[in-house]
Amino acid sequence: MQANVAIAQSNLAQAQETLNTVKAGADPNDVAAKQLQRDSAKANLDDIQTQLASATMVAPLEGAVSAVNIKAGQNVTANAIAISIVDTSAPEISAFVSEADISRVKQGQSARVTLDSLPGVSVSGSVASVGIVGRTSSGVVSYPITVRVTPPQGAVVREGMTASVTLVVEQMSNVMVVPNRAIGGSTRNPTVTVMVNGVAQETPVTLGLADDSNTEVKSGIKQGDMVVVST
């Protein structure tokens, strides 16, 4: 194809040179004929260049080629994946969230990611997308999400790494918390046992947010109280 472009460019240059020569005092009919030849050569060059552009494969994004699925001379269909490209500028983690929690997951939420291959390294990120079609495994429905991460300086996130994602669905600052093991009573009437003058006393409390380790206490005890923790 490049050879055809070179030939068409040469033909156009010759036609243009001939036209310039004829214009210097020649018959108007000859000038018109040479102009037609020059226009025809230009149209032929434009057509070949258009064909060359159509035959050139251009990646839709910057990245690294991860797989080449075709060979020279092989026939391919319109839907065939010829080359796979990985976008290395914005690593993403694919994860699944259970149907019990998916309603609390929103695009843009903060996330913390830990990678088995990078122990001790916490990678920050945010939810890029939340799927609407779930999958069922062992009777449990879960939904796919994508988390875009920003690796710290010097850390490399590679395709296929195993990751654990913690999503921040709610956040409170400067609140009083107690270990989850310190909470007793019932769901409707929670209590915390505190030591008063060496005596354990069960005290009703009002609870707030909770995570896997601690629970916010809105009222019922005060900062500095000694609480009893079940072991």
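This is a short tour of a predicted model, one selection at a time.

**Before you start**

Residues are numbered from 1 along each chain as its sequence is written. Because the model is predicted, local features need pLDDT of at least 70 and side-chain atom pairs count only at pLDDT 80 or more, while totals for chains, interfaces and linings use all residues; side-chain values use heavy atoms, with hydrogens and water left out.

**Stop 1: the whole chain**

Show the protein chain as a cartoon. Two helices and 14 strands make up its elements. Helices (H or I, at least four residues) and strands (E, at least two) are DSSP runs, numbered from the N terminus. Of the 231 residues, 19% count as buried. Buried means under 20% relative accessible area, exposed means over 50%, and partly exposed lies in between (1.4 Å probe, protein chains only).

The chain exposes about 16,200 Å², and carbon and sulfur atoms supply 50% of it. These areas come from the Shrake-Rupley method with a 1.4 Å probe; for residues, only the protein chains shown count as cover. Among contacts between residues at least 6 apart in sequence, 54% join residues at least 24 apart. A contact means heavy atoms within 4.5 Å.

**Stop 2: a nonpolar patch**

Select Met57, Leu61, Val65, Val68, Ile83 and Ile85. Together they make a nonpolar surface patch of about 540 Å². Strand E1 (64-68) and strand E2 (83-86) are the elements that give two or more residues to the patch. Patch residues have over 30% relative accessible area and no salt bridge; like charges are joined within 9 Å, and nonpolar side chains (Val, Leu, Ile, Met, Phe, Trp, Tyr) within 5 Å.

Zoom in on Met57. Met57 sits in the loop between helix H2 (28-55) and E1. Its relative accessibility is 61%, so Met57 counts as exposed.

**Stop 3: strand E7 and its partners**

Select residues 140-150, which are strand E7. Two strands pair if DSSP finds at least two bridges between them.

- E3: E3 and E7 are antiparallel, with seven bridges. Find Ser98, whose bridge partner in E7 is Ser142.
- E5 (residues 122-130): six bridges join E5 to E7, and the two run antiparallel. Val127 stands opposite Val147 in E7.
- E6 (residues 135-137): E6 pairs with E7 in the antiparallel sense over three bridges. Ser137 has Val140 in E7 as its bridge partner.

Stay with E6 and E7. They form a hairpin with two residues between them, and Ser138 in the turn has a positive phi of about 55°.

**Stop 4: the salt bridges**

How many salt bridges does the structure hold? There are three. A salt bridge is a side-chain nitrogen of Lys or Arg within 4 Å of a carboxyl oxygen of Asp or Glu. Side chains of opposite charge can pair when their charged atoms come close.

Pick Glu92 and Arg148. Their side chains meet in a salt bridge of 2.7 Å, N to O. Glu92 is in strand E3 (residues 92-98) and Arg148 in E7, so this pair ties together parts 56 residues apart in sequence. Glu92, at 42% relative accessibility, is partly exposed. Arg148, at 38%, is partly exposed.

Move to Arg104 and Glu170. The closest N and O atoms of this salt bridge are 3.3 Å apart. Arg104 is in the loop between E3 and strand E4 (110-115), and Glu170 is in the loop between strand E8 (163-167) and strand E9 (177-179), 66 residues apart. Arg104 is partly exposed, at 40%.

Next, take Lys222 and Asp225. Their closest N and O atoms are 3.2 Å apart in a salt bridge. Is Lys222 buried or exposed? Lys222 is exposed, at 57% relative accessibility. Asp225, at 29%, is partly exposed.

**Stop 5: a three-stranded sheet**

Select E10, E11 and E12. They form an open sheet in the order E10-E11-E12, with antiparallel pairing. E10 (183-185) and E12 stand at the edges with a single partner strand each, so one side of each has no neighbour in the sheet.

Six bridges pair them in the antiparallel sense. Val196 stands opposite Val199 in E12.

Finish on Thr203, in strand E12 (residues 199-204). Its relative accessibility is 18%, so Thr203 counts as buried. What does Thr203 contact, leaving aside its neighbours within four places in sequence? Its contacts are Pro190, Thr191, Val192, Val194 and Gly220.
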